[in-house]
Amino acid sequence: MAWFRAGASIAKHAIRRTLSQSRSSYLVSRARVFPSSQPPPPSQGRGFHTTLFKCKEQAAPVPRAVPLSRLTDSFLDGTSSVYLEELQRAWEADPNSVDESWDNFFRNFVGQAATSPGISGQTIQESMRLLLLVRAYQVNGHMKAKLDPLALEEREIPDDLDPALYGFTEADLDREFFLGVWRMSGFLSENRPVQTLRSILTRLEQAYCGSIGYEYMHIADRNKCNWLREKIETPTPTQYNRERREVIFDRLAWSTLFENFLATKWTSAKRFGLEGGETLIPGMKEMFDRASDLGVESIVIGMAHRGRLNVLGNVVRKPLRQIFCEFSGGHQPEDEVGLYTGTGDVKYHLGTSYDRPTRGGGRIHLSLVANPSHLEAVNPVVVGKTRAKQYYSNDVDRTKNMGILIHGDGSFAGQGVVYETLHLSALPNYTTGGTIHIVFNNQVAFTTDPRSGRSSQYCTDVAKALDAPIFHVNGDDVEAVVHACELAAEWRQTFHSDVVVDLVCYRRFGHNEIDEPSFTQPKMYKVIRSHPSALEIYQKKLLGTGEVTKEDIDRIHKKVTSILNEEFSASKDYIPKRRDWLSAYWLGFKSPEQISRIRNTGVKPEILKNVGKAITTIPENFTPHKAVKRIYEQRAQMIETGEDIDWGFAEALAFATLVVEGNHVRLSGQDVERGTFSHRHAVVHDQTTGEKYCPLDHIVMNQNEEMFTVSNSSLSEFGVLGFELGYSMENPNSLVIWEAQFGDFANGAHVIFDNFLSSGEAKWLRQTGLVVLLPHGYDGQGPEHSSARLERFLQMADDNPYVIPEMDPTLRKQIQECNLQIVNVTTPANFFHVLRRQIHREFRKPLIVMSPKNLLRSKACRSNLSEFDDVQGHPGFDKQGTRFKRLIKDQNDHSDLEEGIRRLVLCSGKVYYELDEHRTKVEAKDVAICRVEQLCPFPYDLVQRELKRYPNAEVVWCQEEPMNMGGYSYVLPRLISSMKAVGKGSYDDVKYVGRAPSAATATGFLKVHQKEQAEIAEKALQREPLNFPY
């Protein structure tokens, strides 16, 4: 059948040419335009399921003879009746004289037609045309489907759905035609090779042109297409029994009456209601029931604000009294003194979780992820969280945990993160075994019509890039919605790939309930005002069939209304209990109001030695690149001698020791397996066979292959960072890291930084320990490869620069009460400890690392193994043990009081090494240089310690970034607060050394860069006092 699939388009044009040249009385028609859910006038359609015949006589030239030399052409090249007849005669004489595809064709048709009575007059051409008509419905039947509940959309019915195009007339309707018996599912698989044209068209119209329009013929996999054909081309349309219909009606009643109740009680409140698309709720519930029957145990849901309250109340079962309480202004939890409640968020952004009973008697865990107003931003977060659930539940087949995303029509077509997320779906370390996408298509985006909001025919066309089937369904037909949702669940569990349900509905009110939509869509809203609800339509249908009575309907209405009123009364006295702010994995972890003890991060020397040997060993039969082999040999030497450990190896030691302790480590981003700067080489490639080997996968016996995961990602920032954020939120016992190719590129993901990472805990009480590595540093690579925009992350920090918090080591909660940790680390050992610190604590906070570039190979930027261990007396061990150093004091072994030091230079990052080199060069022994390794939260206690150590020193902040960038604006007020606290001056006493304010982050001229860099070091160490401010 490969020829049938590939050649349909070419063959269709061949038929058109044949018909235009024929002397026969075939009737040809032009495409007609009708509203998608209205049939043409009866006088035109003549009961032919809206298919039109329009007479148009065509004069044609006499067909020319076909040369015998063309008789070996492919089936696809047939262009005339004469040609076909010549081919048939040639085949009858010698089957080997024609192409194999023609041989198969003639064997099927000519061989079986001879034994079938009543069809002796049928031509081969008619058989082929009939097959192409069937295929046309499979490909384009959705164009004729009745999808728009408002009947406003005018769609052009394609020519190839018109039987007249294929030469059939109304006189042919009751003729029998030979279809053959094919190795295909669905319509052509039945043992009915002979059917009338009328019965064929009736079946096709029922299957493809009803309330569901199917798009699946773009899928390249034949088995998938056959599976769908079997589900779609059924002998009779899907029918539900009375019991199922009562359940569907009950669920639709809850959906509708819930919105009506909110509209009555809070007439002017924004709620982004579901009116016009109430069938979403029964559709989702039936989808979940079917998914549960097929083995799904947990579903993660992401959606925007439209219909969110209805989903929360009716699907995820958030207590109705709590929703009603939030409408009335809400209350903060009052059951504990000092309880951390955060800032909160509007009711239609909040999430929840619930174990819901299913129709089959089981239970399914549902979690709706909180999200901001940024449409579609939650998509990768949901997918990442789903992937993490699969890892922690050992769901290797990816059948127990599933993600569902509910989109808007405008945002699905318009937001780039949709495409970024879709393209993660089949990547080995990002796939979740398929996501079900439901597009809540109200046919208008805020005030923008589809013709202004997208260039494609459907808002879902972007999903075709992934070979995802798309089911367009009329939102007024609740049974069709249920069927499409159940089919989506079956597809996902069968093929473990994405699927889209396009719920074509409408928005009864404006973008929100107090908006006036008639300003911009007057025609649409004139129709909507008189349009019955889906509940009214379904009630009428059930009453008409006699399956329910008026009393049954009244009973259900009364039940729902009674419960809503009871919950409303209870909401007036409702006081929220302690919030379910962390999932089961997070039990025992501290919220910001609880004191968490500080833990050491050093590792026993023998463990360091053992894991060091394991991660520097490559199998003997493996042939790495000679340069990579040399790197691993150098690392083996480092672990043997305990000296000169570089950045890449320190990172590998951090990962390995965490894995040995039973923690999951995941590193993801563009080119992270090798590292942008060729420093990591976590995955080694055999230069002969191309095979891969990851030493970090072989640290412990029988190590789970995903326990350490390092994975190159797609070329995406927004989507991949969102994925890793969602992954990190599932379980605290994991170190999840996203690394940008260059720190500059992180601004492509700032929706995640702004609306999730920096504010998620405050808004939604959800912690994350996600680590973000952003390569940063000025080394002459130009404006887009120098700065990770440190200043933007510091600006998001929520600590008060004028209030110094409690800094006692036993009471310090500074880091718990701050929303971010931002570091600019300068030694491999300190990097090792800051990574391990993420796990060795009783809470989780995002960590932003300004990671180095040229320090990765710098001989000066090395650490000894003794700085990694927990042995008292070793260099890394201080009075508090071995841990991350928030500030590194001057390395000249100064005493606690140094009155002879004339200048104290505070800096952060790699500029320290340039300052230290220049200090040695000019012998400026009276200048102290301290490194602020942790910028946020600011190390007030350690800065004050250094200010006291150098009482006569001029205080300087030095940076290589321009004055309006880098750490200066953040550090200045906090440094002033520290100075005031020790009586050492104020604003005028802080001197600045660095680049002047600039629009661009850096110069593009290498010589200018080198000159600027040299001037910074010279000025910071000059003998003369510094002028303020610059």
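A charge sits over a ring if NZ of Lys or CZ of Arg is within 6 Å of the ring centre and within 35 degrees of the ring normal. Keep that rule in mind for the first stop on this tour of a predicted model.

**Stop 1: charges over rings**

Select Tyr632 and Arg635. Arg635 lies over the face of Tyr632, and the distance to the ring centre is 5.4 Å. Now jump to Tyr912 and Arg931. Here the charged end of Arg931 sits over the Tyr912 ring, 3.8 Å from its centre.

**Stop 2: a covered strand**

Next, select residues 734-739, which make up strand 17. Are the residues of this strand buried or exposed? The strand is mostly covered, with 6 of its 6 residues buried. In a regular strand, side chains alternate between the two faces of the sheet.

Which strands does strand 17 pair with? Look for Arg666, which stands opposite Val736. Then show strand 18, residues 771-775, also parallel to strand 17 and joined to it by 3 bridges. On that side, Trp738 stands opposite Val772.

**Stop 3: aromatic pairs**

The whole structure holds 25 aromatic pairs. One of them is Phe622 with Tyr693, a tilted pair at 6.0 Å centre to centre and 50 degrees between the planes. These partners are 71 residues apart in the chain: Phe622 is in the loop between helix 21 and helix 22, while Tyr693 is in strand 15. Both residues are buried.

Now select Phe677 and Phe742. Why is this pair called edge-to-face? Their planes are at 85 degrees, with ring centres 5.2 Å apart, and planes over 60 degrees apart count as edge-to-face. Phe677 is in the loop between strand 13 and strand 14, and Phe742 is in the loop between strand 17 and helix 25, 65 residues apart. Phe677 counts as buried at 17% relative accessibility, and Phe742 is buried too, at 10%.

For a group of rings, select Tyr208, Tyr214, Tyr216 and Phe471, which form one aromatic cluster.

**Stop 4: out to the surface**

Finally, show Ile607, Val660 and Val700. Together they form a nonpolar surface patch with about 180 Å² of accessible area. Val660 belongs to helix 23, residues 647-660, and it counts as partly exposed because its relative accessibility is 35%.

Note on methods. Residues numbered from 1 in each chain as written. Predicted model: local features only at pLDDT ≥ 70, side-chain atom pairs only at ≥ 80, totals over all residues. Heavy atoms only, no water. Patch = residues over 30% accessible without salt bridge, like charges linked within 9 Å, V, L, I, M, F, W, Y side chains within 5 Å. Areas by Shrake-Rupley, 256 points an atom, 1.4 Å probe, with all protein chains shown as cover. Salt bridge = Lys/Arg side-chain N within 4 Å of Asp/Glu carboxyl O. Helix = DSSP H or I, 4+ residues; strand = E, 2+ residues; numbered from the N terminus. Buried < 20%, exposed > 50% of the residue type's maximum accessible area, 1.4 Å probe, protein only. Pairing = 2+ DSSP bridges. Phe/Tyr/Trp six-rings, centres within 6.5 Å; stacked < 30°, edge-to-face > 60°.
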